[in-house]
Amino acid sequence: MNVAQSDGRLSMDLDPIDPLERGPQDACGVFGVWAPGEEVSKLTYFGLYALQHRGQESAGIALSDGERILVYKDMGLVSQVFNEATLDSLRGHLAIGHCRYSTTGSPVWENAQPTFYTARDGGLALGHNGNLINTPELAAMLPSDRLGATTDTEVLTNLLAESGRAMEEAALDLLPRVQGAFSLVFMDEKTLYAARDPQGIRPFVLGRLESGGWAVASETAALDIVGATMVREIEPGELITIDERGVRSMRFAEAAPKGCLFEYVYLARPDTTIAGRSVNSARVEVGRRLAKEHPVEADLVIPVPESGTPAAVGYAEGSGIPFAQGLVKNSYVGRTFIQPSQTLRQLGIRLKLNPLREVIEGKRLVVVDDSIVRGNTQRALVRMLREAGAAEVHVRISSPPVLWPCYYGVDFATKAELIAGNLSTEEIRASIDADSLAYIALDELIAATQVPKSRLCRACFDGVYPIEVDEDSRGKYLLEKSCGSKPLTTAAGAQ
């Protein structure tokens with residue numbers, strides 16, 4: 001009998017029930033820093049550590065000492081890819097970092113970021129959060145010897161590097177032709193660049209270090225971790241350059257803000273601020289509104305940790321029902337190389353969550369969660385709570401039903417797999433065996449963000465896409481299918 005040998009790496013998502021049942025995954029987290037005299041590799045490491053929730057498949061850092069760019073990346077979590085010895089060997093004054101969840105291209109080393117390319121005038125490293133929707137059109141602009149690109153990020157990197165122009169000029173020429181969601185960090189040997197799509201779909205912020213250096217990040221929480229003070233959001237349609245001359249801002253497109261509403265529901269850390277609004281405050285307010293919109297007689301409000309906790313706090317405040325921690329989360333479970341058998345999958349949710357029987361036994365429970373995608377997790381959770389003695393289980397969801405897929409950097413299930421796209425709320429309630437089920441209304445969720453509806457992308461909830469997506473431009477493996485070849489390898493000088 002052949003027995004596969006594990007390399008010990010944690011390389012596969014440990015999902016609550018089975019490998020097909022996972023929550024929505026964000027495209028990536030990006031971080032950049034320009035700080036002469038600072039240990040920029042370690043600043044970037046901690047920035048990525050704060051953004052780990054945005055992508056867990058691979059991590060990488062590109063760093064320059066002013067003369068050359070070195071890229072170090074691998075599959076796995078930030079803490080698995082880097083150690084102190086590695087970071088000590090990465091010396092320079094300028095760095096960008098990336099943690100990835102693949103939404104275009106396979107989860108393989110070749111597609112890990114930052115991408116790197118050597119041009120005639122030097123190197124270019126680039127990291128991307130988001131998803132482009134005109135990738136085939138952009139790929140057609142590549143020289144014939146670079147047609148093997150398998151990610152939208154690699155296409156962008158090649159187009160910028162191959163332009164033959166100064167990087168700033170090349171970016172201002174290319175970015176107006178790029179469609180979709182993109183928060184970009186990129187660098188040559190001397191300059192840090194940051195750019196955000198005209199809709200500003202994914203969050204992106206600029207911060208100042210106490211030393212006088214600068215940092216850019218997907219979320220304000222990453223700035224907090226490295227001791228940077230938030231200066232402002234990077235504006236939609238803006239290109240920023242940072243070097244010894246300071247920060248310069250240029251416009252490549254008129255702003256038409258459509259920030260992602262799902263960031264407030266699930267994607268962003270609760271200690272992040274988006275558009276001036278604390279994500280935690282928004283989630284608590286959603287809970288209050290949910291309690292008023294869908295009240296129920298119950299004894300306790302319990303969250304599904306961690307993403308359901310702020311809304312559960314708000315529901316308890318809005319309803320007057322006591323809040324309790326009825327589920328204990330194992331914080332050290334998240335990824336594993338173990339493929340569970342079907343029998344073990346039935347117990348899989350207990351690897352992440354276990355009920356406190358003495359808290360919930362005999363109680364009527366309101367269980368608050370952030371979203372329902374396929375329904376398997378909620379079904380197993382309700383079963384587990386009933387087995388632990390809950391008298392009633394009322395499920396309240398702090399987002400509207402997810403009805404449509406996202407093409408801008410969140411890897412939802414396909415429309416056919418989304419349970420709310422195929423069943424009514426009552427049918428879903430019966431499917432998960434809850435005593436009642438209710439979702440927050442879309443307008444109530446929007447009101448909790450304090451952002452005007454016209455400035456938000458709500459496509460996963462209402463099907464109104466701010467940028468029209470061509471049918472031929474959809475699909476995670478679009479470029480791999482079209483080129484029929486292996487991904488491009490990184491250029492010399494990258495690791």
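Start by selecting Ser218. Leaving aside neighbours within four places in sequence, Ser218 is in contact (heavy atoms within 4.5 Å) with Cys28, Gly29, Val30, Leu51, Arg54, Asn129, Pro203 and Phe204. This is a predicted model, so local features need pLDDT of at least 70 and side-chain atom pairs count only at pLDDT 80 or more, while totals for chains, interfaces and linings use all residues. Residues are numbered from 1 along each chain as its sequence is written, and side-chain values use heavy atoms, with hydrogens and water left out.

**Around Ser218**

Ser218 sits in the loop between strand E11 (214–217) and helix H7 (220–225). Helices (H or I, at least four residues) and strands (E, at least two) are DSSP runs, numbered from the N terminus. Is Ser218 buried or exposed? Ser218 counts as buried because its relative accessibility is 0%. Buried means under 20% relative accessible area, exposed over 50%, and partly exposed in between, with a 1.4 Å probe and protein chains only.

Now show Val30. Its backbone nitrogen lies 2.9 Å from a polar atom of the Ser218 side chain. A polar contact is a pair of N or O atoms within 3.5 Å; within protein, one must be able to donate a hydrogen and the other to accept it, and residues adjacent in sequence count only if both atoms are side-chain atoms.

**Next, Glu219 and Arg54**

Select this pair and show side chains. Glu219 and Arg54 meet in a salt bridge, 2.6 Å from N to O. The rule is a side-chain nitrogen of Lys or Arg within 4 Å of a carboxyl oxygen of Asp or Glu. Glu219 lies in the loop between E11 and H7 and Arg54 in the loop between H1 and strand E3 (58–64), so the pair ties together parts that are 165 residues apart in sequence. Glu219 is buried, at 1% relative accessibility. Arg54 is buried as well, with a relative accessible area of 1%.

**Then Thr272**

Find Thr272 in the loop between helix H8 (262–267) and strand E16 (273–274). Thr272 counts as buried, at 1% relative accessibility. Its side chain reaches the backbone nitrogen of Ala221 at 3.5 Å. Not counting residues up to four places away in sequence, Thr272 touches Glu219, Thr220, Ala221, Arg277, Ser278 and Val279.

**Out to the surface**

Select Phe46, Tyr49 and Ile225. They form a nonpolar surface patch with about 310 Å² of accessible area together. Patches are made of residues with over 30% relative accessible area and no salt bridge; like charges are joined within 9 Å, nonpolar side chains (Val, Leu, Ile, Met, Phe, Trp, Tyr) within 5 Å. Areas come from the Shrake-Rupley method with a 1.4 Å probe; for residues, only the protein chains shown count as cover. Phe46 lies in helix H1 (residues 40–50). At 42% relative accessibility, Phe46 is partly exposed.

**Into the cores**

In soluble globular proteins, nonpolar side chains tend to be buried together. Select Leu261, Phe262, Val301, Tyr408 and Phe461. These have the most contacts inside the largest nonpolar core, which has 45 residues. A nonpolar core is a set of buried Ala, Val, Leu, Ile, Met, Phe, Trp, Tyr and Cys residues joined through side-chain atoms within 4.5 Å. Which helix gives the largest share of this core? H9 does, with five residues.

Stay on Tyr408. Leaving aside neighbours within four places in sequence, its contacts include Gly130, Asn131, Ile133, Cys457 and Tyr465. Apart from this core lies another, of 28 residues, among them Val40, Leu48, Val205 and Leu223.

**Helix H5**

Select residues 152–162. This helix is mostly covered, with ten of its eleven residues buried. Just after H5, Gly164 takes a positive phi of about 80 degrees.

Select Arg288 and Glu317. Their closest N and O atoms are 2.9 Å apart in a salt bridge. The pair links helix H9, which holds Arg288, with helix H10, which holds Glu317, 29 residues apart. Arg288 is partly exposed, with a relative accessible area of 30%. Glu317 is partly exposed too, at 48% relative accessibility.

Move to Asp435 and Arg386. Their side chains meet in a salt bridge, 2.9 Å from N to O. Asp435 is in the loop between helix H15 (425–432) and strand E24 (436–439), and Arg386 is in helix H14 (residues 376–387), 49 residues apart.

**Zoom out**

The protein chain has 18 helices and 25 strands. Of its 495 residues, 58% are buried.
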